[in-house]
Amino acid sequence: MTAAYTLAPAAPSSGTHTILVADDDHAVRYVLEQALGRAGYRVRSFASGKALLDGAEEGQVDLVITDIVMPSGSGLDLLQTLRTRYPALPVIVMTAQSTLNHAVQAFERGAFDYLAKPFDIRRLIELVAQALARTPTARPRPSTTEFSRFGGFVGVSQAMQELFRTIGRLANSEMTVLIHGESGTGKELVARAVHDHSPRRQGPFTAINMAAIPGNLIESELFGHEKGAFTGAVARHHGHFERAKAGTLFLDEIGDMPMQAQTRLLRVLQGGAFTRVGGTETLRADVRIVAATHQNLPAAIAEGRFREDLFYRLNVIPLYVPSLRSRREDIPLLADYFLAHAAQRLGLPLKRLAADSQTELMAYDWPGNVRELENLIHRLMILTPQEIIQREHLNLPKAPLRPQTIARRYTEQEDAETGEALPHEAKGSPGATAPAEGDLENGLIQFLDNFFASPHWKNCDNLYETVIRRIEKTLFIKVLTETSGNRVMASRRLGINRNTLRKKIQELDVGPKR
């Protein structure tokens, strides 16, 4: 079935720019011709990459938009050919079969940007304008490598597509990365993907969990120690910074690192050198740091549990791994993957989920995220005798087994457009009952009662501005949370335009400062 698109409103004329489109789907070509034509561009469309290349030889070409999967040849091959023949020509890649593999290869081969179908036509028009306004510079690309190591890294949701795109953009970078996400979302898998698509891919990937090491041993584990440095140090020990030389060092659960170790790590990140515990030899730190946390680090900074300067050293490139409940459309895909993986691993016949079982899985909130789903599927493969897994076999809790303090904690969700961090409270069950008509009014009355009861506000002279700002900020945070930071969806839900939304986010200071 062809995805439905809405044509964008006409835009000011873009002059004489010519855009070539390659897609084997006639309906998609028609929509793009109409939308880009209304935006003031000259558009020529083709059903194959070969036909587009022939057309490119015939006249002016300012930009190319191509599908990836076409019967007559891959759009990725077309992209590579275009980059060889026309190094400065911007190319936007689109596909309905969006995977991390496709995203990374597209960016490695020089794509200006990457869109998963169906996409917002307005977003495409914006990308076209950005691509034509920017003068691209040729830069070396690493050679294509195998991309088959991402077991379980599955997702067609918008949140996962944004994650794939960001990883793809990092393919030629060695910048420090901080991965945010709840427990069980696959932060180490993301870290491995960052490493496997980096210039250090040939080096080692070394992981260390800060929460699993006693505080008095962390420095020794990270930097190593000399013989006799402390009781029990009977020989020289090489730390993870040495073991990860020329590769990537993954610091998991960085929020659990003791303050003293944070100070030592900060010095290494600033100076690029370290010494073993009890030693005097200065060693160069030849590693790329990728860290991860499930904690709200800005809150930890405010509480004095985490160094602010270290946070900014680590949070150079933030990556946000979405919770499973925020990408429910990926649950059937993940379940199928885990069923096939478990059948192969355990040597059992392949089982499948009944329709009502899939519905039940998608309705559950998954406090343990992807790890919880994987464990459930493996358990069902072993304990379910039938080939079809019915709803009664699932035995899911009626409500997530999540303490209230955990349910209210902050996670981080990256705004897809600006990179601005937004607070993301854990969502409730999708089966929750709708609020009664008077709930909003009663809730506001209760809020104001508590507000006025506070001694700090009894003599406040600007109650109107203060109260309205608090209510407005709460509303914006909630809507941005429910839309996973997607500003297009949030502006529609709020009934305001995107410029107003952007101004309000800045004005209300929504999200921690970078």
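Tutor: Start with the contacts, meaning heavy atoms within 4.5 Å. Residues are numbered from 1 along each chain as its sequence is written, and side-chain values use heavy atoms, with hydrogens and water left out.

Now the confidence. pLDDT is the predictor's confidence in each residue, from 0 to 100. The protein chain averages 78, and 79% of the residues score at least 70. Two stretches call for care. Over residues 1-14, pLDDT stays under 50, and the model has 32 contacts there beyond four places in sequence. Over residues 135-152 it also stays under 50, with 31 such contacts. Where pLDDT is low, the predicted coordinates should not be read in detail.

Next, the overall build. The protein chain has 21 helices and 16 strands. Helices (H or I, at least four residues) and strands (E, at least two) are DSSP runs, numbered from the N terminus. Of the 514 residues, 48% are buried. Buried means under 20% relative accessible area, exposed over 50%, and partly exposed in between (1.4 Å probe, protein chains only).

A nonpolar core is a set of buried Ala, Val, Leu, Ile, Met, Phe, Trp, Tyr and Cys residues joined through side-chain atoms within 4.5 Å. The largest one has 41 residues, and I167, I179 and L319 touch the most other members. Helix 4 (residues 100-108) gives this core its largest share, five residues. Another core lies apart from it, with 29 residues that include I208, L249, A291 and L297. In soluble globular proteins, nonpolar side chains tend to be buried together.

That is the setting. Now the charges. Lys and Arg count as positive, Asp and Glu as negative; His and the chain ends are not counted.

Which strand holds D113? D113 sits in strand 5 (residues 113-116). Its relative accessible area is 3%, so D113 is buried. The side chain of D113 has polar contacts, that is, pairs of N or O atoms within 3.5 Å; within protein, one must be able to donate a hydrogen and the other to accept it, and residues adjacent in sequence count only if both atoms are side-chain atoms. Another, at 2.8 Å, is with the side chain of R169. Beyond four places in sequence, the residues that D113 contacts include V91, F107, L127 and R123.

The structure holds 21 salt bridges. R123 pairs with E126 at 3.8 Å, N to O. Both are in helix 5 (residues 121-133), three residues apart, so about one helical turn separates them. R123 is partly exposed, at 26%. E126 is partly exposed too, at 29%.

Other bridges span longer stretches. E226 and R276 meet at 2.9 Å, N to O. They are 50 residues apart: E226 is in the loop between helix 8 and helix 9 (240-243), and R276 in the loop between strand 9 (273-274) and strand 10 (283-284). Both are buried. E226 and R276 also belong to a network of salt bridges with R236, E242 and E281.

D365 and R328 form a salt bridge at 2.6 Å, N to O. D365 lies in the loop between helix 14 (355-363) and helix 15 (369-383), and R328 in the loop between strand 12 (317-320) and helix 13 (331-346), so the pair ties together parts 37 residues apart in sequence. D365 and R328 are buried as well.

Last, R288, in strand 11 (residues 287-293). R288 is buried yet has no salt bridge. The nearest side chain of opposite charge is E174, 6.7 Å away. A polar atom of the R288 side chain lies 3.2 Å from the backbone oxygen of S173. Beyond four places in sequence, R288 also contacts residues including M175, V177, V194, R200 and L249. L249 is one of the members of the 29-residue core.

Methods. This is a predicted model: local features need pLDDT of at least 70, side-chain atom pairs count only at pLDDT 80 or more; totals for chains, interfaces and linings use all residues. A salt bridge is a side-chain nitrogen of Lys or Arg within 4 Å of a carboxyl oxygen of Asp or Glu.
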